[in-house]
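Please work through the exercises below with the sequence and the model open side by side.

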Amino acid sequence: RYRPPAAMQRLIQRRHPTCVFPHCTRRATQCDVDHTVPYDKGGRTCKCNLAPLCRTHHRVIKQHPSWTLLQPWPGLLVWITPAGKWHIVTPQ
């Protein structure tokens, strides 16, 4: 299913208390719980494919294909900028 159950949302918010975009400090409770691999492209609704993104950064990843976001295992996110710089975000 597309929308994660409430318990899964809370787990994601505890794992990352803020937006996972590098240097963003918006609280996860004020963010969208986003699919790293989009749901409509086969992404699962599971803790291995979800992370909190504030609305602004949610749009960055969805509307700017030159950004890349990977989640090689649950909670470890790798952002790759258009210039090729990597930012690694770990669970807290």
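Two exercises with worked solutions follow.

This is a predicted model, in which local features need pLDDT of at least 70 and side-chain atom pairs count only at pLDDT 80 or more, while totals for chains, interfaces and linings use all residues. Residues are numbered from 1 along each chain as its sequence is written, and side-chain values use heavy atoms, with hydrogens and water left out.

**Exercise 1.** Determine whether Val 89 is buried or exposed, and which residues Val 89 touches.

Solution. Begin with the location: Val 89 is found in strand S5, residues 86-89 (strands are DSSP runs of E, at least two residues, and helices are runs of H or I, at least four, numbered from the N terminus). Next, Val 89 counts as buried because its relative accessibility is 17%, where buried means under 20% relative accessible area, exposed over 50% and partly exposed in between, with a 1.4 Å probe and protein chains only. Finally, leaving aside residues up to four places away in sequence, Val 89 touches His 16, Val 20, Gly 75, Leu 76, Leu 77 and Trp 79, contact meaning heavy atoms within 4.5 Å.

**Exercise 2.** Describe how the rings of Tyr 2 and Tyr 39 are arranged, and state which parts the pair ties together.

Solution. The structure holds four aromatic pairs (ring centres of Phe, Tyr or Trp, the last by its six-membered ring, within 6.5 Å; planes under 30 degrees apart are stacked, over 60 edge-to-face, the rest tilted). Tyr 2 and Tyr 39 form an edge-to-face pair, 5.3 Å centre to centre with 80 degrees between the planes. Tyr 2 lies in the segment before helix H1 (6-15) and Tyr 39 in the loop between strand S1 (32-35) and strand S2 (50-53), so the pair ties together parts 37 residues apart in sequence.
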